[in-house]
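Here's a quick briefing on a protein model, sorted by topic. Have the viewer open and follow along.

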Amino acid sequence: MADQKIYRASTTAPVNIAVIKYWGKRDPSLNLPTNSSLSVTLSQSDLRTHTTASCSSTFEGPDTLLLNNAPQSLSTARSLACLKSLRALRSELEDAESSLPKLSTYSLRLVSVNNFPTAAGLASSAAGFAALVRAIADLYELQQSPTELSLIARQGSGSACRSLLGGYVAWDHGIRDDGLDSHARLVAPKSHWPDMRALILVVSAAKKGVSSTTGMQTTVQTSSLFQTRTKEVVPKEMAEMEKAIKSKDFATFAKVTMRESNSFHATCLDTDPPIFYLNDVSRAAIKAVEEMNEKAGRTIAAYTFDAGPNAVIYYLEADEDAVLKTFLPILRQKEGWGKTDTKIDGPGPASPQVVEVLEEGVSRVILTSVGEGPISVPEHLIDDEGKTVDT
């Protein structure tokens with residue numbers, strides 16, 4: 001009798017927020033970057049994609065993906081590249097061991113759920129492709145390391161390769177034409193510097209006007225600052241940031257993080273036509289961090305912005321009280337604070353103009369911390385009959 005088993009594997013994967021930004025491709029077809037980048041993997045208790053990969057000889061038709069209960073295309077070049085690479089690795093196992101079920105020949109059913117807004121500047125594609133690749137790799141019982149799998153995830157979403165590892169992760173741009181040296185690399189695990197915290201001010205949950213893919217290619221073609229950033233600025237920033245992380249030097253970490261965010265957005269503004277990812281609320285968040293650091297007499301927090309208006313503010317656990325005393329008085333009515341022991345004994349250090357803009361413009365907050373890489377979980381989004389589970 002033919003094998004009619006429903007094979008399943010489920011994974012959660014994290015968001016990562018870069019402190020050295022990836023912007024620009026040297027080979028769009030392979031998703032090879034023009035510069036290296038470095039990120040902090042964030043805790044999955046706060047931000048994650050949960051994906052179940054399943055396959056069966058009984059599944060008919062093409063591969064399918066359901067994301068947040070909405071069908072998604074798997075016919076894009078990026079998705080097809082990931083699936084082809086994973087199937088090829090499984091096929092190698094099947095060729096070497098004839099008793100293995102021929103999972104590589106079965107249609108895939110994939111179901112994913114994000115616990116954060118998709119395509120809103122919160123690295124949803126990074127977590128999404130990392131979860132997809134890790135779940136299928138587990139389904140196929142592949143033995144490749146996270147770094148090896150990052151070569152596949154990179155083809156789906158560049159920054160996804162960094163979400164296959166936890167802690168502090170670099171993505172080396174590489175120099176090979178085939179991209180085999182452009183992969184994720186662990187700079188330091190979460191356990192090395194576990195007290196890193198992040199406060200995310202969600203300014204907009206709407207899909208951004210200029211996608212990262214479109215924006216970065218326009219920058220490559222038109223920005224006069226781009227070559228200087230790629231060849232001179234980023235290599236120095238990468239070296240300084242790696243040293244800061246390894247020595248747990250927050251002052252340098254913060255300085256480079258803010259400088260790098262500003263450099264990235266200056267390059268976006270230097271694009272023709274200019275790309276405006278930041279808005280007045282973003283600039284108010286920058287001012288709030290500057291005022292807070294000035295009051296503290298040292299750098300206790302650092303802002304950074306990806307390709308969107310949401311502010312990510314890094315700080316250490318020891319300074320959490322001071323950071324929250326700046327933002328809680330302004331945003332205490334916003335969702336996302338959870339349980340915090342910080343007591344508010346008056347207005348924070350932010351100026352009245354900053355308070356007004358943040359009160360009106362921030363929709364919610366997310367309190368999170370450095371976290372681990374993908375985690376295999378027993379909770380499946382597809383049942384043992386191949387049907388989607390209600391979430």
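Two strands count as paired here if DSSP finds at least two bridges between them. Keep in mind that this is a predicted model.

**Strand S1 and its partners**
- S1 covers residues 7-14, and 7 of its 8 residues are buried.
- S1 runs antiparallel to strand S6 (residues 48-56), and 8 bridges join the two.
- In that pairing, Tyr-7 sits opposite Cys-55 of S6.
- S1 also pairs with strand S16 (residues 375-377), again in the antiparallel sense, over 3 bridges.
- Here Thr-12 faces Ile-375 of S16.

**Nonpolar cores**
- The largest nonpolar core has 66 residues, and those touching the most other members are Leu-201, Phe-253, Tyr-314, Phe-327 and Leu-358.
- Helix H7 (residues 280-296) puts in the largest share of this core, 7 residues.
- Another core, of 31 residues, lies apart from it and includes Leu-103, Phe-129, Tyr-140 and Leu-164.
- Leaving aside neighbours within four places in sequence, Leu-358 is in contact with Val-281, Ala-284, Ala-285, Ala-288, Phe-327, Ile-330 and Leu-331.

**Second largest pocket**
- The second largest pocket holds about 200 Å³ of space.
- It is lined by 13 residues, with Ser-85, Leu-151, Ile-152, Gln-155 and Leu-180 closest to its centre.
- Helices H1 (77-96) and H3 (146-156) each supply at least two lining residues, and H3 gives the most, with 6.
- By type, the lining splits into 6 nonpolar, 4 polar and 3 charged residues.

Notes. Residues numbered from 1 in each chain as written. Predicted model: local features only at pLDDT ≥ 70, side-chain atom pairs only at ≥ 80, totals over all residues. Heavy atoms only, no water. 1 Å grid on protein atoms, 1.4 Å probe; cavity = no way out; pocket = protein on both sides within 12 Å on 5 of 7 lines; lining within 4 Å. Points joined across faces, edges and corners; volume = space filled by probe spheres on them. Helix = DSSP H or I, 4+ residues; strand = E, 2+ residues; numbered from the N terminus. Nonpolar A, V, L, I, M, F, W, Y, C, P; charged D, E, K, R; others polar. Core = buried A, V, L, I, M, F, W, Y, C linked by side-chain atoms within 4.5 Å. Buried < 20%, exposed > 50% of the residue type's maximum accessible area, 1.4 Å probe, protein only. Contact = heavy atoms within 4.5 Å.
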